[in-house]
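Biologist: Can you put the model up? I have a few things to ask about it.

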Amino acid sequence: MRFIVTIGERELEVEATPSNPGVLVSRGAERVPVRLEGVPGSKIYTLHVGDQTFRVALIPDPSPTAGVRGVLVSWRGYEFPVKVERAVTRRYRVLLRKQPQAHRAPHIHTITSHMPGLIAQIFITEGQRVEAGDRLWLLEAMKMENEVRAPVAGVIEKLYIQSGTPVEKDQPICTIREGDAP
Amino acid sequence: MKGFLLRKVLIANRGEIARRVIRACKELGLQTVAVYSDADRYALHVQEADEAYPLGLPPPVQSYLRLEKILEIAKRSHCQAIHPGYGFLAENPEFAQAVEDAGLVFVGPTAQTIRLLGDKVAARQLAHSLGIPTLPGTFEKITDVQTAQRVAEQLGYPVLIKAAAGGGGKGMRIVQSPSELASALERAMSEAYTAFGDSSVFLEKFIPKAKHIEVQILADGHGNVVHLFERECSVQRRHQKLIEESPAPLLTESERAQICAAAVKLAQAVGYRSAGTVEFLYDVDQRSFSFLEVNTRLQVEHPITEMRTGVDIVQEQLRIASGERLSFSQADVRPRGHAIELRICAEDPQNDFAPSLGKIIEVRFPQGEHIRVDHALQRALRIWPYYDSLIAKLIVWGEDRPHAIERALEALDETFVLGVRTTLWFHRRALEHPEFRAGSYCTDFVQREREALLSKPPAKLVETLALGALAQEIYAFYRDHR
């Protein structure tokens with residue numbers, strides 16, 4: 001069976017066949033036996049590749065695409081996302097792929113939290129005009145204060161949160177309509 | 001215990017340090033009372049204490065910093081003493097005073113000592129008056145830009161702005177040039193106010209090539225002071241420590257004797273009681289020491305000293321709190337081998353050490369002789385933004401430095417903390433780095449060697465590891481289609 005393994009931007013196409021007790025993986029002329037040992041309920045595995053052995057954790061990292069297995073691979077604390085998909089599924093998916101959705105109006109910027117933390121203080125209100133570089137809010141994370149500034153000049157269109165609110169990474173905090181007041 | 005009244009102790013803290021103190025209490029046959037915020041309802045320190053009481057909402061001001069509430073719980077549960085751990089109320093003189101006023105024992109120095117040494121400017125003056133070298137800088141507090149500018153000009157850039165009311169890297173800013181001074185001062189004062197409720201700062205000459213070396217002291221308040229030798233803590237980011245080791249590599253015997261003696265002298269001068277740490281900056285180019293500050297509390301990195309000396313610092317704190325005299329003298333302290341502590345933090349080193357929040361999926365720690373892991377992790381535990389990012393301390397001992405480093409690397413290999421990003425990979429890179437191996441690293445190590453310390457495994461190896469995910473998919477496919 002052919003698989004496509006995606007690591008970051010890189011894609012590998014490999015042929016894999018079950019071979020008790022593991023899998024025989026071939027990529028080009030290379031053929032290597034791969035075996036995974038684990039205990040039920042644990043995400044930590046012993047990975048044998050040829051004569052090499054690694055202790056890895058495989059953490060489910062659900063993919064929004066059906067037929068694609070998303071896994072966060074962790075080795076010695078180094079973590080990277082991997083996607084695995086059957087080559088045949090990929091071909092169908094490419095054929096069925098819809099037209100890309102129309103983009104949002106480019107002059108409205110959604111400002112998201114660059115890290116998780118607490119919004120300690122907000123310096124803006126909805127409808128307020130800001131210049132690029134103006135202070136927007138203080139993000140407090142693990143006792144460090146980070147000042148967040150406006151990336152563009154414009155008007156605060158929506159403010160989604162209040163001060164004192166905990167936020168996750170990439171959570172939208174406000175939108176700025178670029179340019180002059182409407 | 002021989003002491004006069006100690007039977008039950010309230011631990012006004014959370015996480016690994018609360019567990020550490022509870023363990024010491026149990027070993028001394030003392031009852032323990034835990035306190036917790038709503039976020040810590042199911043935390044291990046709550047489960048392990050004999051009794052536990054809620055403090056309030058998760059933010060520290062509404063829970064672990066509620067001095068009166070904690071006192072009330074201590075009285076209601078018939079405790080005779082309060083151990084503050086580190087952080088939170090540990091160096092708050094009002095708290096120490098309130099505890100003593102309520103007729104309880106504060107496991108730490110007297111309120112007077114905390115107040116004196118907590119004022120970093122007063123501590124500088126004190127060290128100076130005792131003939132202990134201090135860095136060029138102000139002996140007065142600064143609250144305005146004009147004064148700061150004048151002083152900075154006199155000292156010459158770069159200068160370091162520090163909070164007058166506390167340490168730990170909060171409210172600290174390096175200023176390279178006059179144009180940066182005003183905004184750095186504003187941020188430092190704001191951070192100092194948030195962390196300590198006091199925005200005043202002071203200025204010191206910034207030493208670029210420096211090592212952070214500190215001396216552990218123990219004093220019984222009856223005039224007996226011993227030191228438990230030094231620790232080097234120069235692997236830092238944002239002025240906060242990531243790796244500590246003892247002894248300090250590259251320190252000569254006479255330099256070691258010199259700083260340990262200075263630490264004892266300072267402790268004697270203030271009639272110190274309990275455990276404390278005297279911090280020094282070692283100027284590598286000048287080969288000279290300067291006094292930095294005194295931390296009037298149990299330190300995060302105390303375990304490496306315990307591993308080398310065999311002294312249980314927390315038990316000693318509790319014995320001293322019950323009025324006992326130190327049971328050993330300086331000559332009895334015979335450190336052995338080398339100890340290293342790795343502070344595993346819920347942070348993403350690849351993303352400028354930004355906090356990583358989430359839910360712990362699984363943890364696995366190494367085990368064996370000369371390995372100690374202090375943590376409070378368990379499956380399904382949430383890592384909150386309200387508290388410190390330190391989630392586990394991996395401590396190892398070896399007969400010498402190379403053996404300790406080897407053991408630390410092996411211990412790292414056995415460590416898994418899944419569910420949040422951690423500093424584990426960074427720690428491995430640091431231990432492998434030639435500068436760390438040589439022991440020549442300075443406080444700028446992490447910043448300067450950032451690229452090497454954050455370098456990823458080779459692409460070929462990453463591809464090999466990714467085969468684990470492939471194998472899992474194939475196993476699942478055949479299981480589903482059997």
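Biologist: Which residue is the bridge partner of A:T17 in β3(A)?
Modeller: That is A:L24. Keep in mind that this is a predicted model. The strands involved are β2 (residues 10–19) and β3 (residues 22–27) of chain A, which run antiparallel and are joined by 5 bridges.

Biologist: And what does β2(A) pair with on the β1(A) side, over how many bridges?
Modeller: β1(A) and β2(A) are paired over 6 bridges, again in the antiparallel sense. One residue to look at is A:T6, whose bridge partner in β2(A) is A:E11.

Biologist: How many residues sit between β1(A) and β2(A) in their hairpin?
Modeller: There are 2. In that turn, A:G8 has a positive phi of about 60 degrees.

Biologist: What is the bridge partner of A:T6 in β8(A)?
Modeller: It is A:K83. β1(A) and β8(A) pair over 5 bridges in the antiparallel sense.

Biologist: So what do the strands of chain A form, going from β1 to β8?
Modeller: They form a closed barrel of 8 strands, in the order β1-β2-β3-β4-β5-β6-β7-β8, with antiparallel pairing. From one strand to the next, the twist averages 35 degrees.

Biologist: Which helix of chain B lies across those strands?
Modeller: Helix α17 (residues 459–480) of chain B lies across β1, β2, β3, β4, β5, β6, β7 and β8 of chain A. Relative to β7(A), α17(B) runs at about 135 degrees.

Biologist: How many residues of each chain are in contact with the other?
Modeller: On chain A there are 46, in contact with 41 on chain B. The most on the chain A side comes from strand β6 (residues 52–60), which gives 6 residues.

Biologist: What classes of residue make up the chain A side?
Modeller: The side of chain A that touches chain B has 34 nonpolar, 5 polar and 7 charged residues.

Biologist: New topic, chain B. Is strand β9 (residues 210–220) of chain B largely enclosed or largely open, and why?
Modeller: Strand β9(B) is largely enclosed by the rest of the structure, because 11 of its 11 residues are buried.

Biologist: Which of its residues point which way?
Modeller: B:A210, B:H212, B:E214, B:Q216, B:L218 and B:D220 point one way from β9(B). B:K211, B:I213, B:V215, B:I217 and B:A219 point the other way, and the residues of both sets are all buried.

Biologist: Why every second residue?
Modeller: Because side chains in a regular strand alternate between the two faces of the sheet.

Biologist: What does β9(B) pair with over 11 bridges?
Modeller: That is strand β12 (residues 273–283) of chain B, in the antiparallel sense. There, B:A219 has B:S274 as its bridge partner. β9(B) also pairs with strand β10 (residues 225–237) of chain B, antiparallel and over 6 bridges. In β10(B), the bridge partner of B:I213 is B:E232.

Biologist: What lies between β9(B) and β10(B)?
Modeller: They form a hairpin with 4 residues between them, and B:G221 in the turn has a positive phi of about 80 degrees.

Biologist: Last one, helices. At what angle do α7(B) and α8(B) cross?
Modeller: The axes of α7 (residues 145–155) and α8 (residues 178–196) of chain B cross at roughly 140 degrees and come within 10 Å. That angle makes α7(B) oblique to α8(B). The crossing is right-handed.

Biologist: Which residues make the contact?
Modeller: From α7(B) they are B:V145, B:A148, B:Q149 and B:A152, and from α8(B) they are B:P178, B:L181, B:A182 and B:L185. By class, the contact has 7 nonpolar residues, 1 polar and no charged.

Technical notes
Residues are numbered from 1 along each chain as its sequence is written. Chains are lettered from A and ligands numbered from 1 in the order in which they are written. This is a predicted model: local features need pLDDT of at least 70, side-chain atom pairs count only at pLDDT 80 or more; totals for chains, interfaces and linings use all residues. A residue is buried if 20 or more other C-beta atoms lie within 10 Å of its own, exposed if 12 or fewer, and partly exposed in between; C-beta atoms are placed from the backbone. Two strands pair if DSSP finds at least two bridges between them. Two residues are in contact if their C-beta atoms, placed from the backbone, lie within 7 Å. Ala, Val, Leu, Ile, Met, Phe, Trp, Tyr, Cys and Pro count as nonpolar, Asp, Glu, Lys and Arg as charged, and the others, Gly among them, as polar. Axes are lines fitted to C-alpha atoms, for helices over the stretch in contact, and angles run from 0 to 180 degrees between N-to-C directions. Angles under 35 degrees count as roughly parallel, over 145 as roughly antiparallel, 65 to 115 as roughly perpendicular and the rest as oblique. A crossing is left-handed if the near helix is turned anticlockwise from the far one by less than a right angle, and right-handed if clockwise.
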